[in-house]
Amino acid sequence: MNHAAMPNRTVLQKLFERPSIHTMAPATKIVVYGILLFWTVFVVFPIYWLLITSFKEAADVNGGPVYLPWIDFQPSLHAWKELFVFDYKDTLKAYVNSIIIALSSTLLSILIGSMAAYALARIEYKPKFGTILLFIACMAGAVVAIARLGADLWPTLAAALGVFYFLARVLSRHFKLVVGNGDILFWMISQRILAPIVVVVPIYLMFQNVRLLDTHIAIILTYSVVNLPIVVWLMYDFFKSIPIDLEESAQLDGASRLMVFWDIVLPLSKTGLAATTLLVMILAWNEYLLALFLSTSRAQTMPILVAAMNAGERGILWWSMSVVIIVMIIPVVLMAIILQRFIAKGLLLGAVKG
């Protein structure tokens with residue numbers, strides 16, 4: 001729009017007409033940026049409230065809402081000192097445990113889940129339903145022998161696998177019903193739909209029998225298995241969106257399927273990997289129920305420490321809770337900042353097609 005050709009524009013025209021096709025009208029800018037400013041304040045205010053609460057005394061917290069330090073109240077470091085000076089050993093141990101467990105389980109879930117998702121996206125599986133039931137029956141027999149008859153764990157599992165292999169070779173030709181990739185995907189995501197409280201007692205008994213309770217390895221394996229269906233479900237769509245011609249060209253040049261996966265597919269799926277990694281990291285970082293059952297002191301995580309603070313004799317100490325929550329969100333925020341560029345692309349992937 002040429003403003004020189006329109007010298008007599010009214011004030012309303014100047015407010016509501018766009019100066020050019022690349023910019024918004026002034027009134028539109030005011031509305032849009034006003035809404036964005038309001039939403040920013042709405043989102044950031046809880047974090048600000050946590051931050052100022054961590055510097056309040058008990059009287060400031062219990063006396064009513066106050067918002068401005070040095071104006072409404074005098075800031076104090078007593079909550080930070082209590083956590084990092086007097087109770088620093090418990091806090092540091094729980095914090096390090098959370099970092100080790102969350103990062104390790106996330107990496108393990110991403111590694112195994114990505115390979116499983118790629119296999120389901122590119123290879124057509126046709127296992128027989130009868131063979132699957134036969135495997136479940138053999139494993140169930142092993143569990144009964146271990147739990148009820150006191151049989152040794154590893155020899156019993158080896159014997160069950162041997163029986164399954166023999167029966168599968170003999171009986172598989174008689175099974176007709178076939179399971180497809182879609183059925184496998186649905187079964188995997190159904191494991192995530194299952195409430196954790198249903199399986200937490202069997203998981204506890206299993207790790208108790210192998211003497212792995214209150215260890216990092218037990219919680220890492222459990223978190224990895226719990227979050228594996230999410231990785232498979234999300235990464236499956238990303239792998240399906242990659243043109244298969246690239247992989248076929250690499251295979252014609254002599255690349256193995258594993259080389260194609262590592263050198264071609266994964267680099268092209270960085271956006272999906274970033275978004276999935278952050279989601280799984282958050283789920284592992286905040287998980288409480290499984291950690292409560294599988295840890296007591298050595299492998300205690302931050303959510304357990306927060307729960308212990310809530311159950312203290314003095315009730316909920318909001319100033320100490322605010323410090324713990326601020327410390328807990330730091331790793332997730334840092335990872336989100338690092339992966340922001342990839343996450344933004346991953347969220348927009350597939351938004352425009354055709």
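## Close-up views of a predicted model

**View 1. Residues of helix 13 meet residues of helix 16 in this predicted model.** On the side of helix 13, the residues that take part are T277, L278, M281, I282, W285 and N286, and they meet M328, P331, V332, M335 and A336 of helix 16. The two helices, helix 13 and helix 16, pack with their axes 10 Å apart and at an angle of about 175°. Because angles over 145 degrees count as roughly antiparallel, helix 13 is described as roughly antiparallel to helix 16. Sorted by class, the residues in the contact of helix 13 with helix 16 are nine nonpolar and two polar, with no charged residues.

**View 2. Helix 10 packs against helix 13.** Here the axes of helix 10 and helix 13 lie 10 Å apart, and the angle between the helices is about 155°, so that helix 10 and helix 13 are, once again, roughly antiparallel to each other. The crossing in which helix 10 passes helix 13 is right-handed. Helix 10 contributes Y223, N227, I230, V231, L234, M235 and F238 to the contact, while helix 13 contributes T271, G272, L273, T276, L279, V280, L283 and A284.

**View 3. The largest nonpolar core of the model has 38 residues.** Within this core, the residues with the most contacts are I219, Y223, W285, M302, V324, M328 and L339. Two or more residues each are given to the core by helix 4 (78-86), helix 5 (88-122), helix 9 (196-209), helix 10 (216-240), helix 13 (270-286), helix 14 (289-294), helix 15 (302-310) and helix 16 (318-338). The largest share, eight residues, comes from helix 16. Another core, which lies apart from the largest one, has 23 residues, and among them are Y118, V231, Y236 and A250.

**View 4. T301 sits in the loop between helix 14 and helix 15.** The relative accessibility of T301 is 3%, and because buried means under 20%, this residue, T301, counts as buried. When its neighbours within four places in sequence are left aside, T301 is in contact with A94, S98, I101 and A291.

Conventions: Residues numbered from 1 in each chain as written. Predicted model: local features only at pLDDT ≥ 70, side-chain atom pairs only at ≥ 80, totals over all residues. Heavy atoms only, no water. Core = buried A, V, L, I, M, F, W, Y, C linked by side-chain atoms within 4.5 Å. Buried < 20%, exposed > 50% of the residue type's maximum accessible area, 1.4 Å probe, protein only. Helix = DSSP H or I, 4+ residues; strand = E, 2+ residues; numbered from the N terminus. Axes fitted to C-alpha atoms, helices over the stretch in contact; angles between N-to-C directions. Parallel < 35°, antiparallel > 145°, perpendicular 65-115°, else oblique. Contact = heavy atoms within 4.5 Å. Nonpolar A, V, L, I, M, F, W, Y, C, P; charged D, E, K, R; others polar. Left-handed = near helix turned anticlockwise from the far one by under 90°.
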